[in-house]
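This report describes selected features of the model shown below. Please keep the sequence and the structure in view while reading.

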Amino acid sequence: MGVSKTSGAELTTRELRNLQRLAGFMVPADAAYGVPGAGDEIIFADIVQSLGRDAQAVRTALAMLQEIAGEDFCSMGAVKAEAAAMALLGRDDPVVKALGRAVLQCYYRDDRVLRSLNIEPVAPFPKGRLLEQGDWSLLDAVRDRPQMWRDDRDGQGAT
Amino acid sequence: MTASVESNMERPTDDMVDVLIIGAGASGAVMAASLAETRMKILCLEQGDWIKSSEFPANGRDWEARRYADFDFSPNRRMRDTDYPVNDDNSIMKVANFNGVGGGTILFTAHYPRMHPSDFRVRTLDGVAEDWPIDYWTLEPYFAENDRITGVAGLAGDPAYPLHQPTMPPVPLGKSGTRYAKAMNELGWHWWPSDISVATTEYNGRAKCINLGHCTPGCAQGAKASVDITYWPQAIRDRVELRSRCRVREITTNEHGMASGVVYYDPKGVERFQPAEMVILAANGVGTPRLLLNSTSARFPDGLANSSGLVGKNLMLHPWPQIAGYVEDELDGDRGPMTVMWSKQFYETDPSRDFVRGYTLQFNRGTGPVNEAITSMIAGRLPWGRDHHRRYRELVYRRLQIGVACEDLPEEHNRVTLDPVLKDGHGIPAPKIDYTMSENTTRMMEHGIARASEILGTAGAKYIGCSRTLLNSPGHLLGTARMGLDPARSVVNEWGRCHDVKNLFIVDGSIWVTSGGVNPTSTIQALALYIADNIKKRLATLFD
């Protein structure tokens, strides 16, 4: 059983357009880091396919965005559209957090994004990962401490 | 809702069993495996599924996202058809659980500390709550036996505990643990590698840990000791029957006031009656009181085994704030078991503080790329827009995070009741949680947050912030059918038998008198072994 998928058909064409533009403002492409934005076609397709339990919350967030924008979000100029997006994202509202989760869970599993972070884009199993032992000599400072637990058998309860 | 022998005749009735266990999680599995040697006919009914290792998230690229979906902590978000809803709107902490063979051990961090000796003597030592009717020393041999069966990684010699010997070497300190340890030594505070129920070597047929990521949403490698791969194979080899996808609606009683069996829904949704000579409840600190309160009859109008009125009361959830900070160097991130070490520096009562009892500091590694982004977004550390990428690169694989495991004392107003409206998929009334945090716990929590922040600062962390409760429900569901010697002040006696119904036993976290400041699974399982041993020793007079 994987993450429940929703069809993009659950969002209207207008909602999809708005969501893609909004995602591009949330996590923009950045040439300096060599990463696409969250509005990238591949990443956006993953977002739409993976809305799952958050689909309704995302629809609600998009309706809030439209209300903030006051006009068609996709037709707005870039400066005004970005301002509307940031106004939405600044709200402390569960549906905005759900929108953020829906975008980030797909953005940070994209191969190109992971490679830019020097993270191998593979499932953890079966390869596994390396974990170094670390410096166990640091425990020497603790080994000789006196007993810390209270012995309830002495009837005193003293340390 | 009432059920009698007569009305049960209207339902399909299964063959009588000697022992019926409700719930296949941490304690139910222990009971099944331990009682199997009696050769009694033992059946366990579990409402959830067997989860195959190939179904765990670590098998796929969406492994982090599934922590927010079908492997979410909350049954209300997870919404598997094997889950039941929980109304926790009136609680600052949310209920975490997992319904399936293995129960909560499927979805736990595998942090495996024992309770401390003082935890069983809080009235005597600190003048609060009530003492347990048993003590650490009673449980000590059962802790050891449970460690042997489960397989525990750790290191003997911790001055914060009576001497005990973990069965495998500790999990690596790694970069994160080394960083913590240097800070703790600089502060002069206690730390020790945690006891963790993860195989660091091959163990009883289990493969060793290969650091797939945090253990919480199931271990695809099979290194984490969830009971579906520890106790259950042993129990099934010994001919215990386990039926999954069978949800119990109520426990029935006969004309003598003894448990006669259960009404349950089979995998096809057919309502059936399962008769039993003895019933053992192992459905966790929310599921167990829910079932008892749903099992009313003329003789037990307030719910079964509830003459004390304490069924569902004294719920303890373990407030567990998380304090995170970020260093400049790359650390372990999600490579390896989440928890690396603990500190008991502030565990025992100190009269100079403004609270009694204490807490464990649980030192965690960081987290994976998706979870880092989501949790930092929610915490306000990770901005949207043009500065997103620069800040994210200051965060990913650079997190240190300390949990404060606060002891939560019993209060009767913290409770599980039945929701008057909400029901599960079979129409069974769902549990409702009412929970607030006491002044003592709040002061304890703030003390722990301040100390954890101090540690992170000493470790060179910046962006130090705290998530107090909402994201950190640890799924420790305790105290709602507590044990004791006085039937007026407890639900079960000192070996798990209900005062009111002498062939009904409770073995899960419900029976805890107090909660300690530790993850409970090790102690829940030791208690179950102890109760099973008592049952075996008393078979001839068990119901007297």
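## The nonpolar core

A nonpolar core is a set of buried Ala, Val, Leu, Ile, Met, Phe, Trp, Tyr and Cys residues joined through C-beta atoms within 7 Å. A residue counts as buried if 20 or more other C-beta atoms lie within 10 Å of its own, as exposed if 12 or fewer do, and as partly exposed in between, with C-beta atoms placed from the backbone. The model is predicted: local features need pLDDT of at least 70 and side-chain atom pairs count only at pLDDT 80 or more, whereas totals for chains, interfaces and linings use all residues. Residues are numbered from 1 along each chain as its sequence is written, and chains are lettered from A and ligands numbered from 1 in the order in which they are written.

The largest nonpolar core has 207 residues. Those with the most contacts inside this core are A:Val103, B:Leu20, B:Ile22, B:Ala32, B:Val279 and B:Ile280. Helix 12 of chain B gives the largest share, nine residues; helices (H or I, at least four residues) and strands (E, at least two) are DSSP runs, numbered from the N terminus. Two residues are in contact if their C-beta atoms, placed from the backbone, lie within 7 Å. Leaving aside residues up to four places away in sequence, B:Ala32 touches B:Ile21, B:Ile42, B:Cys44, B:Tyr231, B:Ala235 and B:Val240.

Helix 2 (residues 26-35) and helix 12 of chain B pack at an angle of about 35 degrees, with axes 9 Å apart. Axes are lines fitted to C-alpha atoms, for helices over the stretch in contact, and angles run from 0 to 180 degrees between N-to-C directions. To this contact helix 2 of chain B brings residues including B:Val30 and B:Met31, and helix 12 of chain B brings residues including B:Ile524 and B:Ala528. By class, the contact has nine nonpolar, four polar and one charged residues; Ala, Val, Leu, Ile, Met, Phe, Trp, Tyr, Cys and Pro count as nonpolar, Asp, Glu, Lys and Arg as charged, and the others, Gly among them, as polar.

Helix 12 (521-537) of chain B is also among what covers the buried residues of helix 5 of chain B. Those buried residues are B:Tyr136, B:Leu139, B:Tyr142, B:Phe143, B:Asn146, B:Asp147 and B:Thr150. After helix 5 of chain B comes B:Gly151, with a positive phi near 85 degrees.

## The contact between the chains

Chain B contributes 62 residues to the contact and chain A contributes 52 residues. On the side of chain B that touches chain A, helix 6 of chain B gives the largest share, seven residues. By class, this side of chain B has 28 nonpolar, 18 polar and 16 charged residues.

## Loops and backbone features

In chain A, the loop between helix 6 (111-116) and helix 7 (140-143) holds A:Pro126. A cis peptide bond joins A:Phe125 to A:Pro126, with omega about 10 degrees. A:Asn118 lies in the loop between helix 6 and helix 7 of chain A and has a positive phi near 60 degrees, although it is not glycine. A:Asn118 is exposed, because 9 other C-beta atoms lie within 10 Å.

In chain B, B:Arg245 also has a positive phi, about 55 degrees, without being a glycine. B:Arg245 is in the loop between strand 5 (241-243) and strand 6 (247-253) of chain B, and is partly exposed, with 18 other C-beta atoms within 10 Å.
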